[in-house]
Amino acid sequence: MKENAYIPNYPFAVVNWTNEEGARFPKSTMGSSLWAENVTEESIMNLQSVTDQEPVTVAQELERIGYNGTTLASYKTNPLGAHFELHIEQGPILEKENKKIGIVTGAQAYDWFKVTVLGNSSHTGTTPLNTRSDALFAVSQMIVKCNEVGNKHNGLVSVGIVNVEPAVVNVIPNKVSFVYDARHESDETLAKIHLELEQEFKKIADSAKGDFSSKPLKVEIEHLFNSKAVNFHEKCISHIKNASVDLYGENNVREIMSGAGHDSCSTSSRCPTSMIFIPSRDGISHSPEEYSSPELIDNGLNVLLNAVLSYDQSRQN
């Protein structure tokens with residue numbers, strides 16, 4: 001813009017939100033959720049890591065790396081007139097249909113739940129199968145049930161974290177926890193999925209304990225995170241669509257619903273928001289194989305630039 005002496009009607013800002021994925025600290029879109037005041041600062045600062053052997057809090061790590069600043073992360077003190085986000089699709093649809101650009105109209109709802117199953121440790125060689133309180137055996141059935149229930153409701157339920165204690169080869173696990181990620185376009189159906197899983201988990205726990213067990217299996221469920229289904233701002237979508245069609249033609253673009261959560265899901269609660277997708281090779285994401293070519297990235301950047309410029313011009317009017 002400087003090279004072309006372009007002066008926008010309003011300032012442009014580039015934002016790198018903290019911890020969108022929620023991988024180490026179990027709160028997806030952490031920074032943007034705090035900015036939108038959808039969560040409290042206290043709840044974020046006290047979040048404990050799930051990948052460290054000795055858990056640490058967000059506050060402790062910010063202090064350690066020198067990033068515990070004084071500027072408030074709030075839409076009130078740092079407001080945005082609109083939010084446009086460029087992202088890889090993280091799925092196979094655009095590449096399969098040979099589309100250059102995905103015009104994102106919204107994002108499906110998703111929930112994260114931590115499930116802990118408590119059983120009884122004993123020796124694997126001296127404890128008959130029908131007398132065991134095997135927490136891992138129960139959890140293995142629960143994970144299968146996650147897939148079945150998700151498929152039944154045309155949704156997605158996945159497990160990416162499993163912790164086993166005491167994790168000794170000849171000891172039956174007495175404590176096993178896992179986190180499941182459930183997604184659906186409908187908030188109501190997502191709630192049904194969790195309710196059904198909760199009932200199925202109880203059935204599994206009741207049936208997986210040994211007949212003569214002195215310690216029945218116990219199931220504890222903790223709700224870690226929820227992101228409601230989101231419909232992005234029609235005006236923002238329109239500017240992205242116009243920019244995409246102008247640059248690449250109507251046959252090379254398509255509207256698409258995001259299967260993943262993004263920072264735009266948080267910002268959309270406080271300002272007009274939409275997103276641009278570019279294809280992911282083989283639909284792979286969250287993997288070392290994740291790749292989008294420089295040409296595809298450039299395509300997305302051109303759409304982003306044109307959409308932001310046209311939106312800025314529309315605000316003048």
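**Questions and answers on this structure**

Student: Between which elements is the loop that holds N154?
Tutor: This is a predicted model, in which local features need pLDDT of at least 70, side-chain atom pairs count only at pLDDT 80 or more, and totals for chains, interfaces and linings use all residues. Residues are numbered from 1 along each chain as its sequence is written, and side-chain values use heavy atoms, with hydrogens and water left out. Helices (H or I, at least four residues) and strands (E, at least two) are DSSP runs, numbered from the N terminus. The loop with N154 runs between helix 5 (135–152) and strand 4.

Student: Is N154 buried or exposed, and at what relative accessible area?
Tutor: N154 has a positive phi of about 55 degrees although it is not a glycine. Most residues other than glycine have a negative phi. Buried means under 20% relative accessible area, exposed over 50%, and partly exposed in between (1.4 Å probe, protein chains only). N154 is exposed, at 71%.

Student: Which peptide bond is cis, with omega near 5 degrees?
Tutor: Most peptide bonds are trans. The bond runs from E165 to P166.

Student: Which residues have the most contacts inside the largest nonpolar core?
Tutor: A nonpolar core is a set of buried Ala, Val, Leu, Ile, Met, Phe, Trp, Tyr and Cys residues joined through side-chain atoms within 4.5 Å. The largest one has 26 residues. Elements that give two or more residues to it include strand 1 (83–88), strand 2 (101–107) and helix 7 (234–248). The residues with the most contacts inside the core are F84, I101, I240 and V303.

Student: Which residues does H87 touch, leaving out those up to four places away in sequence?
Tutor: H87 is part of strand 1 and counts as buried, at 14% relative accessibility. Contact means heavy atoms within 4.5 Å. By that rule H87 touches E20, H262, M275, I276, F277 and I278.

Student: How do the rings of Y110 and W112 pair: stacked, edge-to-face or tilted?
Tutor: Rings of Phe, Tyr and Trp (its six-membered ring) pair if their centres lie within 6.5 Å; planes under 30 degrees apart count as stacked, over 60 as edge-to-face and the rest as tilted. The count by this rule comes to 9 aromatic pairs. Y110 and W112 are 6.2 Å apart centre to centre, with 50 degrees between the planes. Both residues are buried, and their pair is tilted.

Student: The charged end of which residue sits over the ring of Y110?
Tutor: A charge sits over a ring if NZ of Lys or CZ of Arg is within 6 Å of the ring centre and within 35 degrees of the ring normal. The charged end in question is 4.2 Å from the centre of the Y110 ring. It belongs to R183.

Student: What distance separates the centres of domain 2 and domain 3?
Tutor: The bounds, from an automatic or database domain assignment, are 81–108 + 229–316 for domain 2 and 109–227 for domain 3. Taken over C-alpha atoms, the centres are separated by 36 Å.
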